[in-house]
Amino acid sequence: MQQLADRVEWFLRERGMDLVAFADLAGLPNAQGFPRGVAVGVALEREVVAPLLDAPTPAYYDAYRELYALLDETVEACAELLRGMGYTAMAQSRANLIVDANNSTPLPNKTVAVRAGMGWIGRCALLVTEPYGSAVRISSLLTDAPLPVAASSDSRNATSDARCVFEDGGTGCDGISTVQDATAPRCGSCTACVENCPGAAVKGPLWSASAGRDAIFDAAACRETASARARQYLPGVEQEISLCGRCIAVCPYTKRYLDAGRGAEIEAFWQRFLRGSSAAAETWQTGATRRSESGGTGCDETSGVETAAPACYDVFAFGSNARMADELLALVLDGRKRATCSAMAAYRAENRRTPRAGDLSIVTDGAGKPACVIRTTATRMLPFNEVDWDLCKREGEDEDLLSWQEGHKRFFNEEGARLGYAFDPEMAVLFEDFEVVWPV
């Protein structure tokens, strides 16, 4: 039995499946008499997921089509493999699924996935997994092959402890929760998908097998809003399609997946900078301000002696959303943007020090991908209403002082609402000049 399982799993992983699990379907209604299910999943790339907080993107649309095509091809091929070994198997590819007017199927792929122990159903009615959050696309096949199933896939006897991993502030979790049913959600008290759904489709209650999808999720509202967002942000898409993805991006488990990859990528980028940049060598030898990246904002004291390799003061993206981050990064890379302006209240609210001349920081794009290293060359604190055109034109974003004031007032109002400060024309701002030091 294990040899069969190993062969099937290897077959699927060689075809690009990130998740493979076997489910006990015996006695399950709508399983068409098949006692086993094979659930498969493919993770969305991190750079595809991160921008979904703001809007669906062409990259998400492409991934949506490509991954479902891959999943269909894979489960069909696996079903053929099992039939060639003498078993009965049916792929739950899109061509074989019966979808009703409410976008429901007799045996959803996520039901097979949950019973296989691959994840659980979140408040937003999506499968949520430990390694990838809800940033996965899934499919399944049904079979009578005697594949071994984990004890946890039998919800009648399963008990497990699940630690919720959430961000601080607002929608956290109450620590360790004992899950008496392996199919039970591990969302804790998190309501991020409820609060961020643009169509108010996520109703709030936790999923349960007895209640079903309609008790937690308004599928029609989701489709209507997602269709409108697709038309708004993907005008080149010819066919009618429902694409949104915000509930995926805000899920704390998804964010953990994004952060894990981002940390390794950032570190590799920084090491390449240290090896290949004259700016890094200069900082190393002159004993510039030593900095440590503690959540992206920490620092040590200034030292006048030869230091260890320079550390990164901050890792950040310009602007308040992914789209703005990409636009402002483009200005930085083509040389038009050489300054930025921040509210002093933001540094106080986030308990972080202000940048200093000589600081080295990594600037990322809207998806969190590192793009360049900048060095702070000068800083100046002054009231917002005393910033003149000679200063603000160095930001490279506006045509005159009035448009700069209007744009930054909007930004500070939005940031202030999030961080707990109020915009005031006389409030202190920090104007920071910088230069790109790598790559050049």
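1. The lining of the largest cavity comprises twelve nonpolar, two polar and one charged residues, where Ala, Val, Leu, Ile, Met, Phe, Trp, Tyr, Cys and Pro count as nonpolar, Asp, Glu, Lys and Arg as charged, and the others, Gly among them, as polar. A cavity here is a set of points, on a 1 Å grid over the protein atoms alone, where a 1.4 Å probe fits but cannot get out, and lining residues have an atom within 4 Å of a point.

2. This is a predicted model, in which local features need pLDDT of at least 70 and side-chain atom pairs count only at pLDDT 80 or more, while totals for chains, interfaces and linings use all residues. Residues are numbered from 1 along each chain as its sequence is written, and side-chain values use heavy atoms, with hydrogens and water left out.

3. Of the 15 residues lining the largest cavity, Cys187, Cys190, Cys193, Cys251 and Pro252 lie nearest its centre. Helix H5 (192-196) and helix H8 (252-276) are the elements that give two or more residues to this lining; helices are DSSP runs of H or I of at least four residues, strands are E runs of at least two, and both are numbered from the N terminus.

4. The chain has 13 helices and 13 strands, and buried residues, meaning those under 20% relative accessible area with a 1.4 Å probe and protein chains only, make up 47% of its 440 residues.

5. In helix H6, the buried residues are Ala219, Ala221, Thr225, Ala226, Ser227, Arg229 and Ala230, and these pack against helix H7 (246-250), contact being heavy atoms within 4.5 Å.

Key:
Buried < 20%, exposed > 50% of the residue type's maximum accessible area, 1.4 Å probe, protein only. 1 Å grid on protein atoms, 1.4 Å probe; cavity = no way out; pocket = protein on both sides within 12 Å on 5 of 7 lines; lining within 4 Å.
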